[in-house]
Amino acid sequence: MRDPDHHPIRSKGHHTTRYYVHRVRESLASRLLKMVCSVFITLLFVLGVVAFVLWLSLQPHRPRFHVHQFSIPSLSQADGFENAAISFNVTVRNPNQHIGVYYDALEGAVYYNDQRIGSKSLLIFPFYQPPKNTTVIADTLSGASISIDSQQWARFMDDREQGKATFRLDVTSTIRFKISTWLSKRDRMHATCECRLGGDGLILGSWKDKRCPVYFT
Ligand SMILES: *[C@@H]1O[C@H](CO)[C@@H](O)[C@H](O)[C@H]1NC(C)=O
Ligand SMILES: *[C@@H]1O[C@H](CO)[C@@H](O)[C@H](O)[C@H]1NC(C)=O
């Protein structure tokens with residue numbers, strides 16, 4: 001006959017064994033899960049740090065412009081606007097270690113009090129500037145690329161006498177950065193070089209070799 005106690009006892013013993021096996025399995029499984037999780041999280045963290053460092057190192061720096069020379073030699077003559085010529089020498093440096101820069105049509109324009117008095121497309125462009133390269137942009141605006149009337153000229157002469165004849169040379173271009181084989185989208189870049197001229201029509205020493213602010217629009 002069935003022992004009324006037998007079944008529960010056996011059952012209890014059986015249950016207990018199963019229970020411990022189960023618990024061991026469970027703790028093994030959860031330990032494994034924890035390990036996988038922590039490996040995964042560590043991996044994710046390392047990947048994140050690597051991605052962040054890559055992203056930082058791939059952030060392109062904008063080109064650096066310096067104005068070295070700017071002159072309007074005829075500024076010393078009252079009728080100088082008839083044969084005025086504006087010469088300048090600007091250098092542009094690509095400061096990036098691994099990133100090249102493509103310049104599309106580059107334009108140089110000269111302003112006086114925000115009035116454009118001359119402009120010219122700069123002939124060596126479009127071009128590709130390799131990393132860490134410095135290129136000289138030296139050119140002269142004259143004849144048709146200048147439009148100055150006698151009134152403006154009189155103003156220049158006045159300001160020159162007061163030592164405040166300040167011209168602005170704007171160099172603009174659309175540029176693209178080249179990172180390995182990838183090209184960034186086109187950005188419109190402006191470099192603005194302020195140049196104060198002395199009585200001889202040459203840039204003043206203290207305004208020479210100055211960095212020109214660069215901004216994008
Ligand atoms: C322009 O200026 C740079 C830097 O001072 C100089 O090395 C270069 O010879 C100049 N180029 C011209 C054409 O004046
Ligand atoms: C800068 O790059 C230009 C255009 O690629 C090249 O002609 C010139 O030789 C380079 N200058 C230097 C100093 O490497």
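This is a predicted model: local features need pLDDT of at least 70, side-chain atom pairs count only at pLDDT 80 or more; totals for chains, interfaces and linings use all residues.

Take residues 107-112 for β4 and residues 115-121 for β5; the two run antiparallel and are joined by six bridges. At the turn of this hairpin there are two residues between the strands, and Asn113 is the one to click on, with a positive phi near 50°.

Next stop, the sheet. Strands of a sheet pair through backbone hydrogen bonds, either parallel or antiparallel. Which way does the pairing go here, and in what order do the strands sit? Colour β7, β2, β1 and β11 and you'll have it: an open sheet of four strands, in the order β7-β2-β1-β11, with antiparallel pairing. At the edges are β7 (134-142) and β11 (210-212), each of which pairs on one side only. Turn the view to follow the twist, which averages 35° from one strand to the next.

Select residues 64-71 to pick up β1, which pairs with β11 in the antiparallel sense over three bridges.

On to the ligands. Centre on ligand 1 and show the residues around it: His68, Asn89, Val136 and Ala138. Sorted by class, that shell comes out as two nonpolar and two polar residues, with no charged ones. On its own, ligand 1 has 370 Å² of accessible area, and the protein covers 37% of that.

Then hop over to ligand 2. Around it, show Phe127, Tyr128, Pro130, Asn133 and Thr135. This shell divides into three nonpolar and two polar residues, again with no charged ones. One runs from an oxygen atom of ligand 2 to an N or O atom in the side chain of Asn133, at 2.4 Å. The other goes to the backbone of Tyr128, where a polar atom is 3.4 Å from an oxygen atom of ligand 2. As for cover, the protein takes up 35% of the 350 Å² of accessible area that ligand 2 has on its own.

Finally, zoom out and colour by domain. Residues 1-59 make up domain 1, and residues 64-216 make up domain 2. How far apart are their C-alpha centres? Those of domain 1 and domain 2 lie 68 Å apart.

Terms used: Residues are numbered from 1 along each chain as its sequence is written. Chains are lettered from A and ligands numbered from 1 in the order in which they are written. Side-chain values use heavy atoms; hydrogens and water are left out. Two strands pair if DSSP finds at least two bridges between them. Axes are lines fitted to C-alpha atoms, for helices over the stretch in contact, and angles run from 0 to 180 degrees between N-to-C directions. A residue is near a molecule or strand if one of its heavy atoms lies within 4 Å of it. Accessible areas come from the Shrake-Rupley method with a 1.4 Å probe; for residues, only the protein chains shown count as cover. Ala, Val, Leu, Ile, Met, Phe, Trp, Tyr, Cys and Pro count as nonpolar, Asp, Glu, Lys and Arg as charged, and the others, Gly among them, as polar. Domain bounds come from an automatic or database domain assignment. A polar contact is a pair of N or O atoms within 3.5 Å; within protein, one must be able to donate a hydrogen and the other to accept it, and residues adjacent in sequence count only if both atoms are side-chain atoms.
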